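Here are a few notes from my pass through this one. Have the structure open while you read, and click along as the points come up.

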Amino acid sequence: MELLLPALLLVVGYSFGSLRVLRQYERGVSFFLGKYWGTKGPGLTFVPLGFAQMKRMTLRTVALDIPAQDVITRDNVSVKVNAVLYMRVLDPAKAFIEIEDYLYATSQLSQTTLRSVLGEVELDELLADREKINAVLKKIIDERTDPWGIEVSAVEVKDVDLPDQMKRAMARQAEAERERRAKVIAAQGELQASHTLAEAAATLAREPSAIQLRYLQTVTEIAAENNSTTIFPIPIELFKPFLQAQAARPASPPAVDQGEPPGPALPAADLSTLMSTLRLGAARTPPQE
C-alpha cells in the first residue's frame, strides 16, 4: 500500500507531463523513438514523455521580407529592388522533414529568383508591368517550394531604387513628352478655332444684319469696363447701303451759265499750287492802319 501511492502519483505526474495543448492555427509533428508518428492537433494531445518528441508548426500566413537586391536589367541598368513574399505551411510534416529550416530556405530561394527574373526584363517593363513580374515570381517560387509542403500565395515588388542619373534622364524624357503633348493640343485648338471662325464668317456673310448686332454687342462690352477712352470701330458694311444708293443715282450734267461761255478748267495740281501762292501772299502783306 505504501508503494502504490507513490507509483500512482508518478503515473499521474508522467501523464500530465506528456500532455500538450495545440492552438487552432498550430499543428504538432511528433516522432516516437525517432520515427515519424503523425501530425497532432489542434487541441489536447498526448506525447509520451521520454519516448516521443513533438515540433510545433504554425499554419498562419507568414510575410517574408526579401532584402534589397542589386539587379542589372536586360538593358544594362543597375537598380536595387526589394519585395515581400506571403507564404503558409500546407503540410507540416513535409515542412519539417524535407527541409531543415523552411523560412531560411524560402528566403534564399526568393532572393535568387528575384535577381534571375529581373535580369531578363527591361527597365520600362519593371516599372510598368509589376503585375506580370509578380505573377512570374510567384509561379517559380511556388513550384520550387511545393515539395516542402509550402504554398506561396503572393509575391509583390515593393520598391525600385533607380540611380540619380537615370532619374534625371527619365525626368527630361517626361518633360519632353509633356511639351510635345502641349504643342499638339495647342495646334489642335488652333485648327478647331480656325474652323469655327470660318463658319462664323460664313454666317455673318449670309446675314448682313448679324455684323451690326455683333458690333453693338462689342460696344456694350467695351462700355461695361468704364474706360476713359472708347474707340468705336465702324465696319465698312454699314456704309454699303449708302454707297450702293450713290452708285445707282444717275449723274446730272454740270450747270452751264447761258451768258458767258465756260472758261477752261484748271488741273487739280495747278489749282492746289495757286491756292498755296495766294495764302503765302496774304501772310506776307502787312496789315494797313
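1. Start with Arg-23. In this predicted model, Arg-23 is partly exposed, with a relative accessibility of 48%. The side chain of Arg-23 meets that of Glu-26 in a salt bridge, at 3.5 Å from N to O.

2. Is Glu-26 buried or exposed? Glu-26 has a relative accessible area of 11%, and the cut-off for buried is under 20%, so Glu-26 counts as buried.

3. Glu-26 has a second salt-bridge partner to check. The side chains of Glu-26 and Arg-56 also meet in a salt bridge, this one at 3.1 Å from N to O. Glu-26 sits in strand E2 and Arg-56 in strand E5 (residues 52-58), so this pair ties together parts of the chain that are 30 residues apart in sequence. Arg-56 is partly exposed, at 37% relative accessibility.

4. Next, a pair elsewhere in the chain. Glu-151 and Arg-88 form a salt bridge, with their closest N and O atoms 3.2 Å apart. Glu-151 belongs to strand E8 and Arg-88 to strand E7, and the pair links distant parts of the chain, 63 residues apart. Both partners are partly exposed: Glu-151 has a relative accessibility of 28%, and Arg-88 comes in at 33%.

5. On to the nonpolar side of things. The largest nonpolar core contains 34 residues, and Val-79, Leu-85, Tyr-102, Leu-118 and Leu-126 have the most contacts inside it. At least two residues of this core come from each of these elements: strands E2 (26-32), E6 (62-72), E7 (78-89) and E8 (150-161), plus helices H3 (102-118), H4 (123-128) and H5 (130-145). As background, nonpolar side chains in soluble globular proteins tend to be buried together.

6. Which residues does Leu-118 touch once its neighbours within four places in sequence are set aside? The contacts are Val-71, Ile-72, Thr-73, Val-81, Leu-126 and Ile-133. One of these, Leu-126, is also on the list of residues with the most contacts inside the core.

Methods
Residues are numbered from 1 along each chain as its sequence is written. This is a predicted model: local features need pLDDT of at least 70, side-chain atom pairs count only at pLDDT 80 or more; totals for chains, interfaces and linings use all residues. Side-chain values use heavy atoms; hydrogens and water are left out. A nonpolar core is a set of buried Ala, Val, Leu, Ile, Met, Phe, Trp, Tyr and Cys residues joined through side-chain atoms within 4.5 Å. Buried means under 20% relative accessible area, exposed over 50%, partly exposed in between (1.4 Å probe, protein chains only). Helices (H or I, at least four residues) and strands (E, at least two) are DSSP runs, numbered from the N terminus. Contact means heavy atoms within 4.5 Å. A salt bridge is a side-chain nitrogen of Lys or Arg within 4 Å of a carboxyl oxygen of Asp or Glu.
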